[in-house]
Every structure is written in C-alpha cells, then in structure tokens.
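Me: Please take a close look at one part of this model, the charged pairs and what surrounds them. I would like one connected account, with the confidence of the prediction kept in view.

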Amino acid sequence: MASAMLRSQIAGSYREFADDTAEETTYGSELGDETNPEQVDVNGAVIRGIALYLGKAELLSCKHHYHDHVQFMVNPGQQGEINCTKEHVSYADPYRNKTLKSALIIRGPQDVRKKELVFLQFHLNETEQDFSAISYLLFSSFKEFQESSDKAQFMQDCESSYSIWTFSGGFRTWVKMSQVKTTEEDGSESVEFRQESTLVRYNDHRLDSEQSDQLFFVVFEWKDPFIQEVRDIITANQWNTIAILCGVFLALFKAAEFANLSVKWMIKIKKRQQKRKAQELNQMS
C-alpha cells in the first residue's frame, strides 16, 4: 500500500541576510534544478533586484537613502537625479509569446542594517486606460541578473516564478519587503517575497498648467534583516497511516455506539411517560 505523506510547515526559523551566503539556492521556485551560491556585496548582504514595467511612463529620479530619510523633492514632475544602478531589458512574454515586454531593472536596497531604501519618481504624460498603474516584480539576485548570459531568458524565468504587484499614480507607495525561503522534502529550495505597502496621497502644488501629467512615487525597503525559513517535514509513514485509519474506524464505532445508546434512552423515556400516563388515567377512572 502506498504510504500517505502528511506535510507540515515549520516557519519558526529566521536568519540574517548576512548569513545567506552559506546556502545554495535557485533564483525562483520553478527555475530548474541548478543551484548556484548567492552573490554577496562587500557588506555580506545579498542584493535583490526590482523589475519595473513602465509602459508609457518615464523615470524621473532614482536615489538611495538611509534610515527612512527621504529628501524633499525640489522640482517634482521634472527630471531629477538618477543615482542608482539600472538596465533596460526586453523579452517575450512567457504567457503570450507574440507580446514583447520591456522592463527597467533596478538594484534593490542592500544595506539592511542602515535601513537603506530606494526612492523612485515617475511621470506619465498621457494614458488611454481608465486606471493607471506601474507593475513591478521582485527577484532574488541582482548580480545573477548582471552576470547572466541571456538576460531576456532570465527575466522570463523570473516572471514565471514570482508574483507581480502594482502601485498607482498620485500616491507615494512605501513597500516593505520580506523574504521567505522554503526547503522542500526533496531538498530543493524556493524563494518567495512578501510585502507590506502603505499609501500616502500626493498633494500636487504645481501650477494647473503643469499638472497635465500624472506622478508616481514608490519607496522600496526591507522590513527587517532576517530571512524566514520554512521547511516541509514528513510527519507520517505507512504505519502511521494505518494507525490513523484505525483511529478513524474507532471514532466511527464510538459514534455508532453513542447513537445506539441514545435511541435506547429515548425508548426508555417514552415507555416511562406512557406508564405514568396510564397510571393517571386509572386514578381518574
């Protein structure tokens, strides 16, 4: 008899980004069986990547800040300082082969202890859609992307493996990221990103003549310096399965016995009521 496998997830393990170099991991849950060691920067932190799908939007500024301090924008809506590592990549949509997608790849925040964050500003002159938003994707290693010989295929694999989120225009979206690494029962590993985002409405103080475009603001920051590890544990074999089935049959037997006693008790109560009623009729007669 084939053994039934019961799997439980234990999510009580955390480790710091600085320790991430000790493990080997793929850059997605469905990217194949090859494993490569994570690339690290001089501070020992793994550098994550951010892919932004701008559509007709344009990047105005990009800058790294520290300790939650975002400098005031002097000329919002105008071209500003772009002080971050970026690269444009075009590739075929993995779900629609005839559709070509263009992504702006940004190096994500890496100095977690100093609460490094990346602040980006975009603008969109015109749109034919009823709702305007910019989509983005988080992937596990920016250096793997830089060193990849086929970056288009790399991004196709990332899109097939990771979730895509969006942020809207007219707001400052603050994204706090966290990472979960899952170890399957066969020893393979997968990476998942989770996020918490807050929205703050942008009060546009520009002149009416300058408000023809729509502005987008987004901040990317790590929630904490830890990676949550989830391990799938096998908690049952064929003998445990037999024991579970025996327990199920025992529970059914007990339930049937309880039902039988309940019926007997109801019959006994009914007979007692009939006897009492007969005694009352005899006294009246």
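Reply:

**Salt bridges and their surroundings**

Arginine 107 and glutamate 116 are joined by a salt bridge in which the closest N and O atoms are 3.6 Å apart. Both arginine 107 and glutamate 116 are buried. The structure holds eight salt bridges. The model is a predicted one, and the mean pLDDT of the chain is 77, with 79% of its residues at 70 or more.

Histidine 65 lies in strand S5, residues 58-65. Its relative accessibility is 7%, so histidine 65 counts as buried, the cut-off being under 20%. Apart from neighbours within four places in sequence, histidine 65 is in contact with Val70, Gln71, Lys115, Glu116, Leu117 and Phe119.

Lysine 63 forms a salt bridge with glutamate 81, with 3.5 Å between the closest N and O atoms. This pair links distant parts of the chain: lysine 63 is in strand S5, while glutamate 81 is in the loop between S5 and strand S6 (82-83), and the two are 18 residues apart. Lysine 63 has a relative accessible area of 23% and is therefore partly exposed. Glutamate 81 is partly exposed as well, because its relative accessibility is 45%.

A further pair brings in helix H2. The side chains of lysine 151 and glutamate 87 meet in a salt bridge, at 2.8 Å from N to O. Here too the pair links distant parts of the chain, with lysine 151 in helix H2 (residues 151-161) and glutamate 87 in strand S7 (residues 86-92), 64 residues apart. Lysine 151 is partly exposed, with a relative accessible area of 21%. For glutamate 87 the relative accessible area is 26%, so this residue is partly exposed.

Helix H2 has buried residues too, and these are Phe154, Met155, Gln156, Cys158, Glu159 and Ser161. The elements that cover the buried residues of H2 include S4, S7, strand S8 (100-107), strand S10 (133-139), helix H1 (142-147) and strand S11 (164-168). Strand S7, which holds glutamate 87, is thus among the elements that cover the buried residues of H2.

Ile244, Leu245, Val248, Phe249 and Leu252 make a nonpolar surface patch of about 490 Å². Leucine 245 is found in helix H3, residues 238-284. At 41% relative accessibility, leucine 245 counts as partly exposed. An α-helix has 3.6 residues a turn, so residues three or four places apart point the same way.

Strand S4 (residues 49-53) has the highest confidence, at 93, and strand S2 (residues 24-25) has the lowest, at a mean of 34. Strand S4 is also one of the elements that cover the buried residues of H2. Over residues 1-14 pLDDT stays under 50, and the model has 39 contacts beyond four places in sequence for them. Residues 18-44 likewise stay under 50 in pLDDT, with 65 contacts beyond four places in sequence in the model.

Definitions and conventions. Residues numbered from 1 in each chain as written. Predicted model: local features only at pLDDT ≥ 70, side-chain atom pairs only at ≥ 80, totals over all residues. Heavy atoms only, no water. Helix = DSSP H or I, 4+ residues; strand = E, 2+ residues; numbered from the N terminus. Buried < 20%, exposed > 50% of the residue type's maximum accessible area, 1.4 Å probe, protein only. Contact = heavy atoms within 4.5 Å. Salt bridge = Lys/Arg side-chain N within 4 Å of Asp/Glu carboxyl O. Patch = residues over 30% accessible without salt bridge, like charges linked within 9 Å, V, L, I, M, F, W, Y side chains within 5 Å. Areas by Shrake-Rupley, 256 points an atom, 1.4 Å probe, with all protein chains shown as cover. pLDDT = per-residue confidence, 0-100.
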